[in-house]
Amino acid sequence: METEALSADEVAEHSPPSVLAQLLRTVRHHLAQATDGIRQVAARTGDGEWEQQATQLRRIAAFVEDQVSAMDIGQRSFLLPDQLQRFSTLLRQRRESAHLTGIELSRRAGLSSRTIKNIESAQVSPSRDTVLRLLGIEELGLTWKDVLDDPAEQSGSDLATESNYNCYIPPGYDSMRMVQQLVRMLNGPGGHIEQTNAYLEHRSALAYVSMCHDVEYVTALRSKYPLDGLARRVMIEGGQSPLKVIALGVGDGHLEVQLVQHLLSMRTKPDIELLLFDISQPLLTTAYQHAIDTFGEQSAVHTLLVHGNFHDLAQYPQVSYTPARGRRRRLYTMLGYTLANLDSEPRFFEHSLAHCQPGDMLLLDFQQRPSPVGTSEDEIRRTDPAFHHPFKKVHSEWLGTPFSAHCRDYMSHEFSLQLVTQCLIPGSYALDAVATVRTRSHAERRFSMFRFKRYDEALLAESLARCGWDKLVSLPIGESDRAPMAMLLVKR
Ligand SMILES: C[S@@+](CC[C@H](N)C(=O)[O-])C[C@H]1O[C@@H](n2cnc3c(N)ncnc32)[C@H](O)[C@@H]1O
């Protein structure tokens with residue numbers, strides 16, 4: 001079939017329509033790239049102007065696509081009728097598993113939505129060119145084997161269905177490049193190291209997990225989370241409707257899995273989708289392992305993984321897509337002080353979560369500031385215990401891992417805390433963990449590695465409300481109402 005199509009191509013190659021065809025294919029390709037690029041810019045800047053420009057480009061792309069279809073360019077089918085039948089079903093399954101609408105898929109593939117509809121209804125057999133475009137959409141996970149294979153040769157379990165298509169790695173997620181950039185920074189003059197680097201590599205992830213599993217950490221903190229009470233409140237709000245828990249910055253996943261266990265125990269029809277989202281590959285797989293060990297592979301909890309950056313949530317259809325019917329109520333969690341990892345909390349509440357629907361919930365934990373809002377920097381320094389104890393050894397080991405691993409001629413490092421009062425959430429402040437690093441080949445260098453944050457609960461809730469999130473409940477982590485840590489559940 002392919003040979004026939006190619007020889008037909010060869011015959012047509014030198015005819016004037018083929019020159020136009022080639023030109024239009026090139027235009028289509030560039031338009032798809034430009035649209036994708038502008039969409040990314042729009043997502044990063046949150047600027048509606050870019051989105052409008054992207055919409056115009058998509059209109060042009062649809063026009064070009066229609067011309068391509070009209071000219072029958074590259075539309076010679078190369079699928080046999082039974083291959084078409086199989087492919088049409090498979091395409092729909094994969095598209096739905098990836099939570100993509102037909103329109104969304106057509107945009108990504110640079111095809112018209114009509115083309116997608118025609119293939120999925122098995123009315124028009126796709127050209128090789130069209131199949132190639134669909135193979136290029138990573139979320140679909142399609143291979144040539146899926147497209148061409150004889151079903152008799154395929155073991156049924158080979159077909160990726162919703163239940164075994166469980167991990168999404170977006171285009172552009174490149175952990176090797178992230179580490180290379182980190183290494184370059186660490187051997188430069190010093191500066192600000194982006195906070196994700198505290199978790200990215202296996203050694204950092206190991207140090208983080210061993211800190212979280214330290215007996216003192218578990219007894220003083222993790223065991224005190226009021227997860228039962230919070231699950232109860234989520235149930236009051238959401239009732240028994242299907243639930244999707246989206247665990248942002250899931251880390252080792254222990255708190256999140258425990259929360260889901262509480263939710264499960266309160267449901268008459270246990271049906272929960274748990275989506276684990278993290279930028280750190282080792283932590284994400286650790287969380288997945290823990291979820292599978294806890295719930296079992298064939299349980300009522302369907303667990304999915306997404307490798308990604310939560311600053312660009314809109315890019316992940318698994319997180320942001322809302323189906324027209326049968327939608328699950330979403331509960332987003334950011335536990336273990338992940339809130340402090342955000343570059344800008346207001347931008348995140350308002351724009352990164354702009355896709356949220358009424359009824360969706362967000363659960364956060366945070367450290368409370370010990371001094372009243374409005375006190376001087378001196379007073380903050382006086383009242384915050386972090387300024388009166390040496391920098392914690394566990395923190396120094398975890399956050400210092402990249403220095404010993406990557407700084408050439410590394411000798412030692414030492415952390416100190418810098419107070420930052422200019423923060424975006426009123427009443428909050430940050431403690432910047434700044435490392436002084438000594439090596440044999442450089443003078444002392446300073447790196448800002450991480451920030452710990454303190455919030456005023458009422459002002460945090462107010463900021464959330466301004467961004468469309470209303471408070472449902474706040475609970476202290478620990479026995480006392482004045483516990484230094486608390487949780488906040490809010491609703492769209
Ligand atoms: C403070 S830890 C919390 C982990 C876990 N939830 C817990 O309770 O221990 C923050 C987590 O967020 C992840 N993270 C940090 N920045 C991120 C980003 N920009 N996108 C996605 N994940 C990120 C880290 O890899 C880490 O697993």
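## A friendly tour of a predicted model

Modeller: Let's begin with one pair in this predicted model: Arg44 and Asp312 form a salt bridge, and their closest N and O atoms are 3.9 Å apart.

Biologist: Nice place to start! How many residues apart in sequence are the parts that Arg44 and Asp312 tie together?

Modeller: Arg44 belongs to helix 2, while Asp312 sits in the loop between strand 5 (301–307) and helix 15 (317–320). The pair therefore ties together parts whose separation in sequence is 268 residues.

Biologist: Let's move to another pair. How far apart are the closest N and O atoms of Arg108 and Glu139?

Modeller: Arg108 and Glu139 form a salt bridge, so a side-chain nitrogen has to be within 4 Å of a carboxyl oxygen. The closest N and O atoms of Arg108 and Glu139 are separated by 2.1 Å.

Biologist: Which parts does that pair tie together, and how many residues apart are they in sequence?

Modeller: Arg108 lies in helix 5 (residues 102–109). Glu139 lies in the loop between helix 7 (128–135) and helix 8 (144–148). The pair thus ties together parts with a sequence separation of 31 residues.

Biologist: What is the relative accessible area of Glu139?

Modeller: Arg108 counts as partly exposed, with 23% relative accessibility. Glu139 is buried, and buried means under 20%. The relative accessible area of Glu139 is 2%.

Biologist: Now for Asp378 and Arg381: which helix holds both of them?

Modeller: These two form a salt bridge with closest N and O atoms 3.8 Å apart. Asp378 counts as exposed at 59% relative accessibility, and Arg381 is partly exposed at 32%. They are 3 residues apart, about one turn of the helix, and both lie in helix 17 (residues 377–383).

Biologist: How many salt bridges does the structure hold?

Modeller: Some of them form a network, which links Lys244, Lys269, Asp271, Glu273 and Arg328. The total for the structure is 26.

Biologist: Where is Ala122, which has a positive phi near 60°?

Modeller: Ala122 counts as buried, at 17% relative accessibility. Its place is the loop between helix 6 (113–120) and helix 7.

Biologist: Which helices do the buried residues of helix 10 pack against?

Modeller: In helix 10 (residues 202–212), the buried residues include Ser204, Tyr208 and Met211. The packing partners are helix 11 (215–220), helix 14 (281–295) and helix 18 (393–406).

Biologist: And which residues does His355 touch?

Modeller: His355 is in the loop between helix 16 (345–352) and strand 7 (361–367), and counts as buried at 15% relative accessibility. Leaving out residues up to four places away in sequence, His355 touches Leu313, Val319, Ser320, Thr322, Arg330 and Tyr332.

Biologist: Last one: what percentage of the 492 residues in the protein is buried?

Modeller: The protein has 19 helices and 12 strands, and its accessible surface comes to about 23,400 Å². Buried residues make up 48%.

Definitions and conventions. Residues numbered from 1 in each chain as written. Predicted model: local features only at pLDDT ≥ 70, side-chain atom pairs only at ≥ 80, totals over all residues. Heavy atoms only, no water. Helix = DSSP H or I, 4+ residues; strand = E, 2+ residues; numbered from the N terminus. Buried < 20%, exposed > 50% of the residue type's maximum accessible area, 1.4 Å probe, protein only. Contact = heavy atoms within 4.5 Å. Areas by Shrake-Rupley, 256 points an atom, 1.4 Å probe, with all protein chains shown as cover.
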